[in-house]
Amino acid sequence: MEPLKITVFQAYLFWENIEKNLNNLAFRLSSLREKTDVIILPEMFNTGFTNNVEKCAEPANGPTTRWLFEMASSLNCVVAGSLIIEEGGKYYNRFVWMFPDGKYVKYDKRHLFGLSKESEYFEPGNERILVDIKGWKICPMICYDLRFPVWSKNQNGAYDILVYTASWPDKRSAHWRALIPARAIENQAYVVGVNRVGHDGNDIYYSGGSMCISPLGDVVYYKPEDEDLYTFTLNPNDLLEAREKFPFLKDSDSFTIG
């Protein structure tokens, strides 16, 4: 494992305007002066969180996926975030983890947010994924997944970093601030949560609060309210020391998810 640089973009998103969002995100990312390994964008970074699948869905090889490749290639790093994908007549809230060479892995959101009727428009995913970069194993998830500790459980130390891309409203921000540290401590892993800011087309306000919490519950990064593009470095020695000092993972209950 080597030190890993992660850049989070707590962005303002333009409602259901793919072209404007991609142009704005590209412009902002072009201002990066520090080399990074991974850039993480909010949930549905190209549209804002919406159920308007007829307007906003794209095929798997659509313009936003190609944009992710262009960004990853030009910045020579992973660029990741979720968008609406149509596949086989079904719609998915899909996290795409794009490598600079154009290869990518995908994770379809498992837990669909019933209060916003997301479950009426999208198909749930049924498989967790792990990606490897610089020796770090990373498990990407999406927003509402944060509320389900069984799905997030770090059995047998499967991952080192848990990532949540999100559109988490301000009115439930206390839950966001509580659950991310809980997931970090109980799973002895870094947890990175990337939220958006501003109002969406339904006049829902998002106050950011993107953060990175260490396996011991310490704050590595936290930013409420304002748009922010920020890079921090994770040191593997800090992770290994935390797990050696408090070897809780070996005492975890073993189970399978049906």
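Strand β11 (residues 205–213) and strand β12 (residues 219–224) pair in the antiparallel sense over 5 bridges, where two strands are taken to pair if DSSP finds at least two bridges between them, and where strands (E, at least two residues) and helices (H or I, at least four) are DSSP runs numbered from the N terminus. Within this pairing Met211 stands opposite Tyr222 of β12, and in the hairpin of the two strands, which has 5 residues between them, Gly217 takes a positive phi near 90 degrees. The model is a predicted one, in which local features need pLDDT of at least 70 and side-chain atom pairs count only at pLDDT 80 or more, whereas totals for chains, interfaces and linings use all residues. Residues are numbered from 1 along each chain as its sequence is written, and side-chain values use heavy atoms, with hydrogens and water left out.

Strand β11 also has other partners. Strand β10 (residues 197–199) is joined to β11 by 3 bridges and runs antiparallel to it, with His199 opposite Tyr205; β10 and β11 form a hairpin with 5 residues between them, in whose turn Asp203 has a positive phi of about 60 degrees. Strand β9 (residues 190–194) is likewise joined to β11 by 3 bridges in the antiparallel sense, and the bridge partner of Val191 in β11 is Ile213. Because 8 of the 9 residues of β11 are buried, this strand is largely enclosed by the rest of the structure, buried meaning under 20% relative accessible area, exposed over 50%, and partly exposed in between (1.4 Å probe, protein chains only).

An open sheet of 6 strands has the order β5-β4-β3-β2-β1-β13, with mixed pairing. Strands β5 (104–108) and β13 (228–234) stand at its edges, each with a single partner strand, so one side of each is left without a neighbour in the sheet. Neighbouring strands of this sheet are turned by 30 degrees against each other on average, direction ignored, with axes being lines fitted to C-alpha atoms, for helices over the stretch in contact, and angles running from 0 to 180 degrees between N-to-C directions. Within the sheet, β2 (residues 38–40) and β3 (residues 78–87) pair in the parallel sense over 3 bridges, and Val78 in β3 is the bridge partner of Val38. Helix α1 (residues 18–29) packs on the sheet, touching β1 (4–10), β2 and β13, and its direction makes about 135 degrees with that of β1; contact here means heavy atoms within 4.5 Å.

A search of the whole structure finds 10 aromatic pairs, rings of Phe, Tyr and Trp (its six-membered ring) being paired if their centres lie within 6.5 Å, with planes under 30 degrees apart counted as stacked, over 60 as edge-to-face and the rest as tilted. Tyr12 and Phe14 form an edge-to-face pair, at 5.2 Å centre to centre and 80 degrees between the planes. Tyr12 counts as partly exposed at 35% relative accessibility, as does Phe14 at 23%. Arg196 lies over the face of Tyr12, at 5.9 Å from the ring centre, and Arg110 lies over the face of Trp151, at 4.5 Å from the ring centre; a charge sits over a ring if NZ of Lys or CZ of Arg is within 6 Å of the ring centre and within 35 degrees of the ring normal. Phe113, Tyr144 and Phe148 form one aromatic cluster.

Overall, the secondary structure comes to 6 helices and 13 strands, and buried residues make up 53% of the 258 residues.
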